[in-house]
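Colleague: I would like a close look at a single part of this model, with the cut-offs stated as you go.

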Amino acid sequence: MAQTTKSDDQKLGIKILDAWAAAIDDVMEERPDITGFWLLKAFQVKRAQTRFLPDRWAPRSSRMAARHALDSVTCALEHPDRVVLTSIFMPNEIFQCLGLHPLIAEAAANFVAGAHAESAFIESAEKSGIPETYCSFHKVLLGGALAGVLAPPRLIANCSVACDANNLSFRLLADRYGCPQSYIDVPAEYTEEGCAYVADQLRDLEARLCEVYGGSVDGDELRARVARSQRTLDTLVGTLPLRRGRFVRNNMGLEMQYALVLHTMLGTEVAEDMVDALAADLAAAEPYDGIDLVWSATAPFFSVPLQKLIDVNTDQQVIASDMCFDQPSLDGWHHDGAHEPYLAMAERLIRNSYNGPASRRVERMRELCERTGADGAVVFCHWGCKETMGCSQLMRRTLEADGYPCLSLDGDGCNRGNFPGGQAATRLGAFLEMLHKRRDHGTPARRTVA
C-alpha cells in the first residue's frame, strides 16, 4: 500500500474545502442562514483543531497566534448580540471592558478565504453594486453582510485610519442596517491638541457603547488593559534584534494571524502571553543562514507557489511584517496608559505608521529592516489598496538607497481567484535568487544590527 505524503494530505484538504465552498455557492443567495451556520461550524471545527491538534512544527507562540486569531472571529459569530463591527486599527480596550467582540473586515475575510469560500461573498458584494476594483477584504465583509449571512450589529465603530474602503464600507453598512455608527476622526500629524481631540472622541464612543449594549466601563480595568497594551508592544519591539540570524519557523498565514491578535486582542492577557512566548521562542531558536525578508502590508497566505518559496523554508523566510509593527512603540510613548488611558489610545491611533503621509510607512519599513538586519523587503500591493500602491515606489527607492533591495509585488491577499500565483512566484523567486547571488558574490546583503 502506497504511503500517504504531506503533499497528498494537502491536496485532499484542498479538494474537501473546494467542495464545501461549492456547496456554499449554491445556497448563499437563497439561504444565507444556512451559509452562516455552515461557516460558523467550519470555524468551530478549525478552532478545535488549533487547540487539540496544532501544527507540530510550529513554536508555542505560533500555535497561540493561530488559535487566538481564529477564536476572535469565531466568538464574534457565536455571540452576534455582543459584536461591534469595527476597523482593524481601532483600539479595542473599551470593547473588552464591556465584554464585546470586535469583528473586523481583515479577520473575517482572511478566515472566509481560508475556508475557500471568498468567491461567493465577493460575488454577492459585486451584485449589490460594489465595484470590482474595491478592496477584496471589504468585499468579503460587505458581501456577507448584504446577503444576510452576517447578523446586523447593534453598533458600528470605525476610525479614519487607514484607507478609503475603511471609511466607505462602514458608512454603507450603517445606512443599510439603520444602526448607530461612531466614527473616530484621526489627524494625520501628532500634536497634543490633536491627541486630546481623539481622546474626547474615544470617551464619546465609550458612552455610546454603554448606552447601546448596557453596562459601564471600570476605570481601573481600562487603565490596566491600556497599560498591558503598551507593555505588550514594548516586548514585541524587543524581539526585533532576536530575529536576526534565527530560524523563526513561520509562514505567511501566521504573520497575518499575529497581526490580527495584535489588533483585535491587544490589551488582553492572551495577547501579552503570546508575545512573551514569541520572545522566548526567538531566544531559543536555532541559527539561520538563509535570506531574511521584511514584508509590508497583507500577504496571500493561500498561494501554494509562494508557500513553497518562503513558508518554513531553510533558504529564505519572512522575518517581520509592518502589519505587526504599525504601533508607535518603536519610538517610545508620550502618554502612560496606566494613568492616561484615553490619551494613550489616541496616541496609538495618530502615530500609527499607516496613518498620515506615506513617508511614515516607508520609515517604519526602514526601521524594521535595520533592527532585524534584513536582506531585503517585499511590498505587497493588495488589490484595491490604493494607499499601498501609491507608496510602493517611494518605499522601494528609499529602501534601496539605504542598502535594502526591495520588490513591489502586485496581487490579491484575499481572493485566490484574482491572484496569479505562478507569476508572483516567478517574480519573488527571481528576487530571492538575486539576494542569494549578492551574498555569494561577497556583497553584504544583511546589515549589521546595532
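This is a predicted model: local features need pLDDT of at least 70, side-chain atom pairs count only at pLDDT 80 or more; totals for chains, interfaces and linings use all residues.

Modeller: Residues are numbered from 1 along each chain as its sequence is written, and side-chain values use heavy atoms, with hydrogens and water left out. Cys 159 lies in strand β3, residues 156-159, where strands (E, at least two residues) and helices (H or I, at least four) are DSSP runs numbered from the N terminus. Because its relative accessibility is 0%, Cys 159 counts as buried, a term that means under 20% relative accessible area with a 1.4 Å probe and protein chains only. Leaving aside residues up to four places away in sequence, Cys 159 touches, among others, Ser 87, Phe 89, Tyr 183, Val 186 and Leu 349, contact meaning heavy atoms within 4.5 Å. Val 186 is 27 residues from Cys 159 in sequence, yet their C-alpha atoms are 6.9 Å apart in space.

The contacts of Cys 159 also include Asn 166 and Asn 167, both of which are among the buried residues of helix α8. Helix α8 (residues 164-177) has 14 residues and reaches 20 Å from its first C-alpha to its last, close to the 20 Å expected, that span being 1.5 Å times one less than its number of residues. Strand β3 is in turn part of what covers the buried residues of α8, and the cover also includes β1 (83-86), α7 (136-147) and β4 (181-184). Just after α8, Gly 178 takes a positive phi of about 70°.

Notes. Buried means under 20% relative accessible area, exposed over 50%, partly exposed in between (1.4 Å probe, protein chains only).
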